[in-house]
Each structure stands twice: as structure tokens, then as C-alpha cells.
Amino acid sequence: MGLGVLLSYLLVCYLFFYCKCMEGYKKLSKEEDLELEEQLKCWNKPTVKSITTKYGDIYDCVDFYKQPAFDHPLLKNHNFHPEPTSTPRRVSPKKKSRIPKLDYIPVRIGLEGGGCPLGTVPIRRTVKDELITAKFHSEMHASKVNPLDVPGFPGVHYCFANSQATIDYDGVGGTLSVWNLPAQAPQYTVVRIKLRNADESMEVGWTVNPGLYGDTRTHLYIYTNASQSHCYNAQCGYVHLNPNIPVDGALEPVSTYNGPKYSITLSIYQNAATKDWFLKVFKNGTHINLGFWPHKIFTNLGNTATHTEWGGEVFSPPKIPSPPASSGHLLLSHEADTARDAYSGNSHIVVNNTIMDPPDGVLEIADETDYAVFDEGDVGGDIHYLIFYGGLGGAT
């Protein structure tokens with residue numbers, strides 16, 4: 001049997017078992033079904049306006065105080081602070097660049113037609129099956145282990161840079177090149193920045209996740225792992241602020257090999273006064289607040305973060321070749337190039353409200369030869385600290 005035929009056979013077998021698993025996951029007890037109906041009521045709130053994207057996704061403009069976040073038991077009486085009281089500043093002098101100027105174009109984000117009215121936020125309309133699927137993928141992402149396989153055989157592979165300094169981190173950020181890579185449910189591929197303290201974390205970036213979104217487009221996403229709750233996007237405590245940019249919207253255009261490079265600049269930082277974690281995106285020359293994670297939904301991250309990350313992650317069931325990461329091309333240290341490879345530019349941390357490069361460099365972590373990460377350090381110019389990551393995929 002040829003390799004191509006064998007791989008196709010394995011994929012068909014796996015997808016059969018995945019579908020069976022999802023069928024089982026959807027066979028809920030009466031109590032679970034009632035709980036899900038209540039969650040669905042919390043999620044699909046009365047709407048002021050609805051916006052249908054060109055891809056058919058429907059976003060409901062929901063009153064700010066009626067968004068799903070405020071159904072979180074710890075946020076029932078939240079003392080809301082709409083804007084951070086302080087914004088981190090970079091104080092280090094700009095170095096002369098030792099690489100050609102990075103010629104990237106900000107990716108388009110946001111809803112067409114002006115988005116939602118002031119006082120409302122865009123929430124993607126969800127049906128019961130989508131809520132079940134989102135819960136399934138959230139638990140799979142939290143466990144980092146394929147739930148269909150025997151314990152001890154993870155289906156996740158990494159290529160990321162991890163901060164090394166043993167300090168308290170108040171934030172993380174970077175300019176991430178945006179790509180679109182092939183993946184088939186329940187596979188996913190992501191590029192993200194991440195903050196972590198013990199078993200709690202928050203991350204933001206782009207992903208191709210057909211099982212979660214029902215398509216193969218590149219989407220903005222966040223993931224929250226807080227105490228006993230974990231979820232994608234706005235389902236477990238993240239409070240959205242921006243009326244025009246949903247936290248799970250499609251991103252376009254995307255980068256192409258040796259072609260135009262599109263990117264998104266994202267950052268998470270802690271407001272010193274409230275300890276809440278704010279999410280920002282750069283658009284039209286301005287850093288815009290998208291939303292925030294209230295500190296009270298966390299235990300460890302309620303105070304500070306102890307680790308920061310920049311890079312990629314993929315998932316595939318064991319025995320099924322994993323999808324490509326980042327740009328989807330072979331990454332070689334002596335040939336890494338922003339014209340071809342995925343990167344995080346202006347990679348930075350925040351300490352004491354000050355934006356800075358990682359003080360002791362970063363640790364390069366790639367768990368398979370199919371993936372790689374390279375720390376270029378501070379290359380100067382507008383790009384500052386540059387990290388490459390990616391790979392062809394194919395790990396099993």
C-alpha cells in the first residue's frame with residue numbers, strides 16, 4: 001500500500017471516530033441538556049442590530065452589560081472600569097536595523113458598515129450544536145491531549161519562544177504575520193502570544209480551526225484558562241469593549257510565500273490600578289482596546305504572570321500527520337527571512353509599565369524536527385525583537 005493511500009485511509013478512519021465521538025458528546029443527559037439551554041440563553045441575548053458578514057456569519061449587537069461575560073458568577077457585581085488608567089511605554093532607544101526594513105501590511109479586521117452602535121458589542125450568533133462543539137474543542141485545547149486517544153499520547157506540537165527571566169510580567173505583545181494553512185477538523189493550527197502563571201493562561205492570535213469555526217478561514221481568537229473554567233473567545237469571563245471588531249472575526253488578506261506580508265499587532269497588558277488584563281490591537285495607526293479579562297476570574301493570574309510566549313502550535317490526532325505551522329514552510333536558521341517565513345516582530349514584554357525586550361533572551365522550544373523556532377534578538381529599526389517559527393507539519 002502506497003504512503004499516500006495509507007495516510008488517506010488513516011484520515012478517513014480517524015474522521016469516522018471523530019464524528020462518532022462528537023455524536024456521543026452530543027448525547028446529553030436531561031440535566032446536561034437543560035444546562036446547555038440555559039447557556040444558550042445567556043449566549044444569545046436580545047439584540048439591537050444584527051450584522052451578516054459576506055461569509056454568512058451573523059453578529060448580534062448586544063447591550064454591553066448584557067454580553068455573556070457578565071453571566072460569569074464572579075462578575076455579577078463587577079465594578080466596571082471602561083478604560084485602563086495607565087498605558088505601557090517603550091523607553092529603550094531605537095537601534096539601527098541590521099535587516100532590511102520589514103515591509104508588512106496590517107490585515108483588515110472589523111465588521112463592514114461601521115459595526116455595532118455605541119453601547120453594544122458584537123457577539124457571534126450561536127446554535128446548540130456550535131455550543132457543544134465549542135465546548136469540546138475548548139476542553140481538547142485545555143487538556144493538550146487528544147480525548148479520543150489513550151492517555152499519555154499528546155496530539156499537540158509546538159514551535160514557540162518562551163521568556164527565560166524569572167520576573168513578574170505585566171504584559172506581552174508582538175506583530176504577528178498572518179497566514180492561512182490547511183487543516184481538517186478537529187485539527188487546528190495557531191500563532192499566538194501568551195501569558196501564563198502556573199496552570200492559568202490567556203492567549204490571543206490567529207487560528208485555522210475548522211471544528212470550532214465551521215470553515216477553513218483564518219480567524220482572530222482568544223483562549224482563556226482561568227481556575228476551573230476554560231474557553232475560546234468570549235464564553236467565560238472575557239469582557240468585550242469594541243463595537244466594531246469581534247474577537248473571533250475572519251482575518252484577510254493573508255500572507256503568501258515571497259508575496260505580500262500581512263500582519264496583526266496584538267498585546268496584553270495589566271492595568272496597574274485594577275490588575276485587569278487588557279487586550280489591544282493596532283489599527284489605523286492607533287492601539288485600540290478590544291476588551292479585558294477581569295482579574296477576579298483568575299487565581300494566579302489575578303496578580304501577575306510568570307511566563308510569556310510567542311509562536312505556533314498545532315493539533316492533530318495521533319497517527320494522523322499534523323498540519324503545517326505558521327507559514328507552513330521549512331524553517332532554516334541561516335536562511336530565515338521575513339519574505340518567506342512566519343515571525344513575531346516587535347516581540348516585547350511589559351515590566352513595571354515599561355515595554356522592553358526579553359531581558360535574558362528567549363528559550364526556543366520545538367518538540368519535533370518538523371517544526372522550528374529561531375530567536376533573532378533585537379535587530380533594531382521598527383521591528384525590534386524578531387522571532388521566527390514554523391514548519392512543514394507531518395508529525396504523528
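User: In which sense do β1 and strand β2 pair, and over how many bridges?

Analyst: The model is predicted. Strand β2 covers residues 58-63, and β1 covers 47-52. The pairing of β1 and β2 is antiparallel, over five bridges.

User: Which strands stand at the edges of the open sheet, and why is one side of each left without a neighbour?

Analyst: The open sheet is formed by three strands in the order β1-β2-β5, with antiparallel pairing. From one strand to the next, the twist averages 30°. Each edge strand has a single partner strand, so one of its sides has no neighbour in the sheet. The edge strands are β1 and β5.

User: How many residues apart in sequence are the parts that C61 and C116 tie together?

Analyst: C61 and C116 form a disulfide, with 2.1 Å between their sulfur atoms. C61 belongs to strand β2, whereas C116 is in the loop between β4 (104-106) and β5.

User: Are C61 and C116 buried or exposed, and what is the handedness of their link?

Analyst: A residue counts as buried under 20% relative accessible area. Both C61 and C116 are buried. The angle about their S-S bond is -80°, and the link is left-handed.

User: What is the pairing of the bonded cysteines when they are numbered in sequence order?

Analyst: The structure holds two disulfides. Besides the link of C61 and C116, C231 and C236 form a disulfide, also with sulfur atoms 2.1 Å apart. C231 and C236 are each buried, and their link is left-handed, with -90° about the S-S bond. In sequence order, the pairing is 1-2, 3-4.

User: Why does C159 count as buried?

Analyst: The cut-off for a buried residue is under 20% relative accessible area. C159 counts as buried because its relative accessibility is 1%.

User: How much space lies in the largest cavity?

Analyst: Rolling a probe the size of a water molecule over the atoms shows where empty space is left. With a cut-off of 30 Å³ or more, the count is one cavity. The space in the largest cavity is about 60 Å³.

User: Which strand gives the most to the lining of the largest cavity?

Analyst: The largest cavity is lined by 10 residues, of which P122, I123, A234, V247 and D248 are the closest to its centre. By class, the lining has six nonpolar, two polar and two charged residues. The strand that gives the most, with three residues from the stretch 120-124, is β5.

Conventions. Residues are numbered from 1 along each chain as its sequence is written. This is a predicted model: local features need pLDDT of at least 70, side-chain atom pairs count only at pLDDT 80 or more; totals for chains, interfaces and linings use all residues. Side-chain values use heavy atoms; hydrogens and water are left out. On a 1 Å grid over the protein atoms alone, a cavity is a set of points where a 1.4 Å probe fits but cannot get out, and a pocket is an open set with protein on both sides within 12 Å along at least five of seven lines; lining residues have an atom within 4 Å of a point. Grid points are joined across faces, edges and corners, and a volume is the space filled by probe spheres set on the points. Helices (H or I, at least four residues) and strands (E, at least two) are DSSP runs, numbered from the N terminus. Ala, Val, Leu, Ile, Met, Phe, Trp, Tyr, Cys and Pro count as nonpolar, Asp, Glu, Lys and Arg as charged, and the others, Gly among them, as polar. Two strands pair if DSSP finds at least two bridges between them. Axes are lines fitted to C-alpha atoms, for helices over the stretch in contact, and angles run from 0 to 180 degrees between N-to-C directions. A disulfide is a pair of cysteine sulfur atoms within 2.5 Å. Buried means under 20% relative accessible area, exposed over 50%, partly exposed in between (1.4 Å probe, protein chains only).
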